[in-house]
Amino acid sequence: MTSLSLNPQQLEFFRTFGFLHLPGLVADRIEQISGDFETVFAARGGGHNGKPHEGKARSVIVPFIDNHDDLCSLLDDPRVHGVATSLLGDDFNYMSSDGNYYVGDSGWHSDGWRPESYQLHVKFAFYLDPLTRDTGALRVIPGSHRYGDKFADSLGTDHAEGIAKLGVPGRDIPAFALQTKPGDLAVFNFNTKHSSWGGGSWRRMFTINLAQRYPEGRISDLKSYIGHFANYWADRVYGERMISTAGPQRMRHLEQVMANDGHLAELTRQAREKMKEPARG
């Protein structure tokens, strides 16, 4: 298994359009990965918050890959690691993961909205079922990640308010559909506007979220980001298996977050008092 580095054309494509589709990147592991996905969900009751998934609302587990040794090892896979270092540098941060049974449509949104001068955050999305444009495949608006650009800014921030004002059904917004097969990897900038339409009620997908390492002057921003995990009732960003199975290479991608998540347990305690269940997304 050889390491994969993105070529200059792929890097320029990502910078310009805010996403990449890498067909078959982990096809040789997908059967095991799919089985591990099911194992983790089964061990957690089958769906959201320890309850079975009934196909009525999204079920999510955060962190996700941290719950299985083989899924943890995706961070070490030379192909996944090579794509990550190409985009984020050799000292990138693992920013947790989420495993999902998606239900129905997902409207247009960003997973963040940051100037390009801030740390780049990217999402590695693994879809475990074949998906087409009209059966729940990820759709993206190319170029919508470019903070400060007139077109991108007009679409709105995290919740894509500008798209809503167009008065056009979400599925009819001009976009590129990343029609995927199990084993493909979809990569996109957190800023990139994305959605999915026409999907069923048991769509399996998990993400690995990564970011450039934060400079010392922005540690407060990192701690603020970490604080959002309280909504998922997580006392630490990482699960124990992620840490206990880590070699030196992986630990480099864990150390900064581990050193700055000491406040999360208290925030989670407060969230449990206010919320009936952990967040679904």
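Residues are numbered from 1 along each chain as its sequence is written. Because the model is predicted, local features need pLDDT of at least 70, side-chain atom pairs count only at pLDDT 80 or more, and totals for chains, interfaces and linings use all residues, while side-chain values use heavy atoms, with hydrogens and water left out.

**The sheet**

Begin by selecting strands E4, E9, E6 and E7, which form, in that order, an open sheet with antiparallel pairing. Strands are DSSP runs (E, at least two residues) numbered from the N terminus, and two of them pair if DSSP finds at least two bridges between them. Next, colour residues 106–109, strand E4, and residues 176–178, strand E7: these are the edge strands, each pairing on one side only. On average, neighbouring strands of this sheet are turned by 25° against each other, direction ignored; the axes are lines fitted to C-alpha atoms.

Now select residues 138–140, strand E6, which runs antiparallel to E7 and is joined to E7 by three bridges. Display Leu 138 together with Leu 178, its bridge partner in E7.

**The cavity**

A search of the whole structure finds one cavity of 30 Å³ or more. A cavity is a set of points, on a 1 Å grid over the protein atoms alone, where a 1.4 Å probe fits but cannot get out; lining residues have an atom within 4 Å of a point. Grid points are joined across faces, edges and corners, and the volume is the space filled by probe spheres set on the points. The largest cavity has a volume of about 30 Å³.

To see its lining, select Tyr 102, Tyr 127, Leu 128, Asp 129, Leu 131, Arg 203, Arg 204 and Met 205. Strand E10 (residues 203–211) supplies the largest share of this lining, three residues. By class, the lining has five nonpolar, no polar and three charged residues; Ala, Val, Leu, Ile, Met, Phe, Trp, Tyr, Cys and Pro count as nonpolar, Asp, Glu, Lys and Arg as charged, and the others, Gly among them, as polar.

Terms used. Helices (H or I, at least four residues) and strands (E, at least two) are DSSP runs, numbered from the N terminus. Axes are lines fitted to C-alpha atoms, for helices over the stretch in contact, and angles run from 0 to 180 degrees between N-to-C directions. On a 1 Å grid over the protein atoms alone, a cavity is a set of points where a 1.4 Å probe fits but cannot get out, and a pocket is an open set with protein on both sides within 12 Å along at least five of seven lines; lining residues have an atom within 4 Å of a point.
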